[in-house]
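Here are my notes for your next look at the model. Please read them with the structure open.

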Amino acid sequence: MSRGTLEKPVKLAIVGCGAIAEHGHLPALAHCPAVEATLLVDRDEARAQKLADQYQVPNVSTTTDNVDNVADAAVIALPPALHATMAVELMSRGIHVLVEKPMAMSSEACDQMIAAAKQHNATLAIGLVRRFRWAYRYAKQVIDDGILGPVQSVTVREGGVFDWPVATPFFLTKQGAGGGVLADAGAHVLDALLWWFGDATSIEYRDDDFGGVEADCELDLAFEHDTTAHVELSRTRAMPNTTVFHGERGVLTIAAFTNDVELKLHNRSSTTPFALTGNLQSMADDTPQPHENIMADQLVDFARAIQQSGHPVVSGEEGRRSVALIEACYAQRKRLEHAWVAEGVSLPSVEPTMSTPTTN
């Protein structure tokens, strides 16, 4: 994706200076002349100032009161519990918003955000960045072009021991995060499945929530055209971090965090990403895609949607779909049985007590 300068750089506030701002949005700015960061907002002013000094951002604040004066748009990198309120407030003041995933804590809150965007003519984009990863786009093209034939089944196994460098413990609370691994990594996984195959027609969901947030979960989904998906997500153990598509004509495997692709069609196989002809071949011209480049592509897409009055790759309506599916899973939750938990044993609730967090 070209990241050339648009009519003029979009002036951007980043609201929430947690891990995703520090390790995602701010490093992406060096690859994104279409966007200029002008303000960092965080309740921890010292943290905001440290990052502002590091990335040469001219303004810091502990509130969003001054956003209108220095920015055209904002990235909302707060805990999910705060997404909807902050997005609606900023859009009502004419600020375009890119909201980190998951879009909100409920589909009802998503609807409020979508309505506010329409009412105030604001661009609303959702930070489901795997839509910008070439391996995921490759899979979308393979499916849409029928290269695998009808896709019969998909297996997603993703996770590892939790080590994301969070600035606050909101990830460990339903109050701040809305859920555990499903609401977190699952937002990306479910968004990709919905993008590739459309709405799910049936759901079976299991997790190990004992009163806090789930660390492991499994779900089985069915889609139209007899496609099924089995998903395993974990914060406690190493997983292959792959998505495997089994089709009538072959098997496609993509990696979650790299652009490694293996496509096997009958007696022909390819382990080189984007090795096919036609529309797929154009992807071969791209260079390796580190995380900050993916984040930069997302920011460019956001800036273009603002300046050209278009739609971002992941609109509010698209972001809502994964939230609604996460809601449906939690509504019919069943216990995921672990071998190390004796049958009939009830474990105590372990929900930590903390004030509402304001950084991601």
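Which residues lie nearest the centre of the second largest pocket? The points below start there. Bear in mind that this is a predicted model.

1. The second largest pocket. Ala122, Thr123, Leu124, Gly310 and His311 lie nearest its centre. They belong to a lining of 17 residues. The space in this pocket comes to about 360 Å³.

2. Who builds the lining. Three helices, α5, α9 (291-307) and α10, each supply at least two residues to the second largest pocket. The largest share is from α5, with three residues.

3. Helix α10. This helix runs over residues 316-331, 16 residues in total. From first C-alpha to last, α10 reaches 22 Å, close to the 22 Å expected. Its buried residues are Gly316, Gly319, Ser322, Val323, Leu325, Ile326, Cys329 and Tyr330. The cover over them includes helices α5 (107-119) and α8 (185-197), along with strands β6 (124-127), β8 (202-207) and β9 (216-222).

4. Lysine 101. Look for this residue in the loop between β5 (96-100) and α5. Is lysine 101 buried or exposed? Its relative accessibility is 13%, so lysine 101 counts as buried; the cut-off for buried is under 20%.

5. Partners of lysine 101. The side chain of lysine 101 makes a polar contact with the side chain of aspartate 184, at 2.4 Å. Leaving aside neighbours within four places in sequence, lysine 101 also touches other residues, including His83, Gly127, Leu128, Ala185, Ala187 and His188.

Definitions and conventions. Residues are numbered from 1 along each chain as its sequence is written. This is a predicted model: local features need pLDDT of at least 70, side-chain atom pairs count only at pLDDT 80 or more; totals for chains, interfaces and linings use all residues. Side-chain values use heavy atoms; hydrogens and water are left out. Helices (H or I, at least four residues) and strands (E, at least two) are DSSP runs, numbered from the N terminus. The expected span of a helix is 1.5 Å times one less than its number of residues. Buried means under 20% relative accessible area, exposed over 50%, partly exposed in between (1.4 Å probe, protein chains only). Contact means heavy atoms within 4.5 Å. On a 1 Å grid over the protein atoms alone, a cavity is a set of points where a 1.4 Å probe fits but cannot get out, and a pocket is an open set with protein on both sides within 12 Å along at least five of seven lines; lining residues have an atom within 4 Å of a point. Grid points are joined across faces, edges and corners, and a volume is the space filled by probe spheres set on the points. A polar contact is a pair of N or O atoms within 3.5 Å; within protein, one must be able to donate a hydrogen and the other to accept it, and residues adjacent in sequence count only if both atoms are side-chain atoms.
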